[in-house]
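Me: I have a structure open and would like to go through it piece by piece. Can you help me read it?

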Amino acid sequence: GNTLPGHPPPPPLGTVRRSHGMMIAHNILKVAPDVKLFDVPLVPPQVTLSHKFLSLADAAYHQVLKDIALWRKGSGQLAGPWILVNPWGIFDRKSEVPRGYYTTNPKNRFNKLVARAVRENIDVVFAAGNCGQFCPDHRCGASDRGPGRSIWGANSLEPVITVGAVRSDTIWLGYSSQGPGQKKLGAKKPDICAASQFTEDEDAFSINTGTSAACGLTAGVVAALRSRWDQTQVPPTQLRHVLNTTARKPPGLAWNNPLGHRLGNGILDAKAAFKAL
């Protein structure tokens, strides 16, 4: 299209890598094209466990829940249903002081706030993280990788939907964070896995990667299901149960073996969840 005088023309399609936030939005819209998206610019390139970041996250969630409660009192489109999508996680706990005050503590203010969102009939979807044992993200701490050491804090809360990543041919991706989750938060994590590490049919340069992409796709499926069954008909805890029980379960899947630690309850099956509902 036309450009303003003095401004450079936009780059050709496929020459600029899409931002993380736009990847999430794109994946949601591919499944649920009629949703309304609200962006909360909260997460820095690397989440450090500072009191400053958690204070910001706490304040942001407080405001979000306050706004949703206000909008729900009306009768317009903003009355819901609402889904909070969190494609972020903790890479390294070395900056956490004292150790465990957020990552393993159910009484942490932010963890309590996220759990409150679910109690208030809001679906909450979290990425499992990218610190799996075989090819973790370079930002992952040396002691924060692999089984039982890579899903922390709100990502491990029992009532949220925690999503790991598989390829589109269902092979588990070695960077996907592995369970079990934290005992005091929710041990049976991740809940499910969804597709990641794929390109777009219309633009092969745009690559969807990480458990963030899987989180976005899952959030899109949740949004699509909510277009038929809202949270007053099917509470978030029930929808999470449906997604877990209808997930595709490869042979040998069990929580007490490595396959269960990688895939959780299995691989997201939107059609099966729809039929169950």
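Me: Which helices and strands supply at least two residues each to the lining of the second largest pocket?
Reply: Helix 1 (20-31), strand 4 (192-195) and helix 4 (210-226) each do. Helices (H or I, at least four residues) and strands (E, at least two) are DSSP runs, numbered from the N terminus. A pocket is an open set of points on a 1 Å grid over the protein atoms alone, where a 1.4 Å probe fits, with protein on both sides within 12 Å along at least five of seven lines; lining residues have an atom within 4 Å of a point.

Me: Before going on, where does the model come from?
Reply: This is a predicted model, in which local features need pLDDT of at least 70 and side-chain atom pairs count only at pLDDT 80 or more, while totals for chains, interfaces and linings use all residues. Residues are numbered from 1 along each chain as its sequence is written, and side-chain values use heavy atoms, with hydrogens and water left out.

Me: Back to the second largest pocket. Which residues lie nearest its centre?
Reply: Ser 168, Ala 194, Ala 195, Leu 217 and Leu 268 do, out of 19 lining residues. The lining divides into 11 nonpolar, 3 polar and 5 charged residues. Here Ala, Val, Leu, Ile, Met, Phe, Trp, Tyr, Cys and Pro count as nonpolar, Asp, Glu, Lys and Arg as charged, and the others, Gly among them, as polar.

Me: What does Asn 27 touch?
Reply: Asn 27 lies in helix 1. Not counting residues up to four places away in sequence, Asn 27 touches Phe 198, Glu 200, Asn 208, Ala 213, Gly 216 and Leu 217. Contact means heavy atoms within 4.5 Å.

Me: Is Asn 27 buried or exposed?
Reply: Asn 27 counts as buried because its relative accessibility is 1%. Buried means under 20% relative accessible area, exposed over 50%, and partly exposed in between (1.4 Å probe, protein chains only).

Me: How many bridges join strand 1 to strand 2?
Reply: There are 4 bridges between these parallel strands, and Asn 86 stands opposite Phe 126 in strand 2. Strand 3 (residues 161-166) and strand 4 also pair in the parallel sense, over 4 bridges. There, Val 163 stands opposite Ile 192 in strand 4.

Me: What about Arg 240, buried or exposed?
Reply: Arg 240 is buried, with a relative accessible area of 13%. Arg 240 is found in helix 5 (residues 236-246), and its contacts include Glu 158, Lys 189 and Asp 191.

Key
Pairing = 2+ DSSP bridges.
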